[in-house]
Amino acid sequence: MTVYFIGAGPGAADLLTLRADRLIRSCGVCLYAGSIVPGEVLEHCPESTEVINTARMPLDEIMAVIRRADGNGLDVARLHSGDPSVYSALAEQARRLTAAGIDYEIVPGVPSFAAAAAALGHELTVPTVGQTVILTRVSGRASAMPEGEDLATLGASRATLCIHLAAHDIDRVVGELTPNYGADCPVAVVAYASRPEERIVRGRLGDIAGAVQEAGISRTAVIIVGEVLGAEGFPDSYLYSDDRPRDAEGRTIPCVH
């Protein structure tokens, strides 16, 4: 018996990986949080699968379901939105599974920040403009930020920021980032990326808060901040350069000094 922590992606069912789809079709038990995983993702569960919405279940109850499945020899598909490596609360579950001697496996999924960038039609790493992307959030009831990971500190790098779970606190985000990025820095907020109800708000740090509040966006959104969103006049990547030495397979030949 194995518990599969499956990245269910940002919402669109056709963004599931082939592996995720196969496991959803084959596991005897499927656990999902109905507040963040759309029902369309569950359409391929067989009729025999026990499908459980964990949105209102504490972790001990979830573990009880998993132990019962283990006792019955049934694999469990545990669906998480986006990719399980980021803000999935997987670590707490894995710790308990290890203590209980229950095997688990992690299946990657399309992360929400990638879906948001796709919705915007932007690459987040643009030559000479931005080559670093920071995934972060703000302190809140769910989790306090460790010392040194506040937006003011991270913003000193002026790297591209993808801020999760913070649309409800957009005024705070703007206040902490403006001293480093400036009021004219481009910002985009993507809510429900890849879903039919997807919404996009673009602006600058100086006006984005009002636009987000007017749009009624307060959850299930990614805030992207950085000059890459407005980059123009940058050089082509070295990847496409005629000066790049290539081997027979097209790979760059390292320079020997």
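This is a predicted model: local features need pLDDT of at least 70, side-chain atom pairs count only at pLDDT 80 or more; totals for chains, interfaces and linings use all residues.
Biologist: How many helices and strands does the protein chain have?

Modeller: Helices (H or I, at least four residues) and strands (E, at least two) are DSSP runs numbered from the N terminus. The C-alpha atoms fill a box of roughly 60 × 55 × 35 Å along the principal axes. Within the protein chain there are seven helices and 10 strands.

Biologist: What percentage of the contacts in the protein chain with a separation of 6 or more is due to residues 24 or more positions apart?

Modeller: A contact means heavy atoms within 4.5 Å. Of the 257 residues, 42% are buried, where buried means under 20% relative accessible area, exposed over 50% and partly exposed in between (1.4 Å probe, protein chains only). Among contacts with a separation of 6 or more, the share from residues 24 or more positions apart is 67%.

Biologist: How many salt bridges does a search of the whole structure find?

Modeller: Side chains of opposite charge can pair when their charged atoms come close. The criterion for a salt bridge is a side-chain nitrogen of Lys or Arg within 4 Å of a carboxyl oxygen of Asp or Glu. A search of the whole structure on this basis gives seven.

Biologist: How many residues apart in sequence are the parts tied together by E50 and R68?

Modeller: The side chains of E50 and R68 form a salt bridge with an N to O distance of 3.2 Å. E50 belongs to strand β3 (residues 50-53) and R68 to helix α2 (residues 59-71), so the pair ties together parts whose separation in sequence is 18 residues.

Biologist: Where does R158 lie, and what is the distance between the closest N and O atoms in its salt bridge with E227?

Modeller: R158 is found in the loop between α5 and β7, and E227 lies in the segment after β10 (221-225), 69 residues apart from R158. Both partners are partly exposed, E227 at 37% relative accessibility and R158 at 41%. The closest N and O atoms of E227 and R158 are separated by 3.8 Å.

Biologist: Which residues are joined with D169 into one network of salt bridges?

Modeller: R172 and D169 form a salt bridge whose closest N and O atoms are 3.1 Å apart. R172 has a relative accessible area of 30% and D169 one of 21%, and each is partly exposed. Salt bridges that share partners join D169 into one network with R172 and E176.

Biologist: At what angle do the axes of α2 and helix α3 cross?

Modeller: Axes are lines fitted to C-alpha atoms, for helices over the stretch in contact, and angles run from 0 to 180 degrees between N-to-C directions. The axes of α2 and α3 (residues 90-100) come within 11 Å of each other. They cross at roughly 45 degrees.

Biologist: Which residues of α3 make the contact with α2?

Modeller: From α2, the contact involves L59, D60, I62, M63 and I66. From α3, the residues are E92, Q93, R96 and L97.

Biologist: Against which strands do the buried residues of α4 pack?

Modeller: In helix α4 (residues 112-120), the buried residues are A115, A116, A117 and L120. Just after α4, G121 takes a positive phi of about 75 degrees. The strands against which the buried residues of α4 pack are β8 (186-191), β9 (199-204) and β10.

Biologist: What phi does Y87 have, although it is not a glycine?

Modeller: Most residues other than glycine have a negative phi. Y87 is placed in the loop between β4 (76-80) and α3 and is partly exposed at 38% relative accessibility. R158 is likewise not a glycine and has a positive phi of about 60 degrees. For Y87, the phi is positive, at about 50 degrees.

Biologist: What distance separates the C-alpha atoms of S48 and L177?

Modeller: S48 lies in the loop between β2 (29-32) and β3, and it is exposed, with a relative accessible area of 68%. S48 and L177 are 129 residues apart along the chain. Their C-alpha atoms are separated by 50 Å.

Methods
Residues are numbered from 1 along each chain as its sequence is written. Side-chain values use heavy atoms; hydrogens and water are left out.
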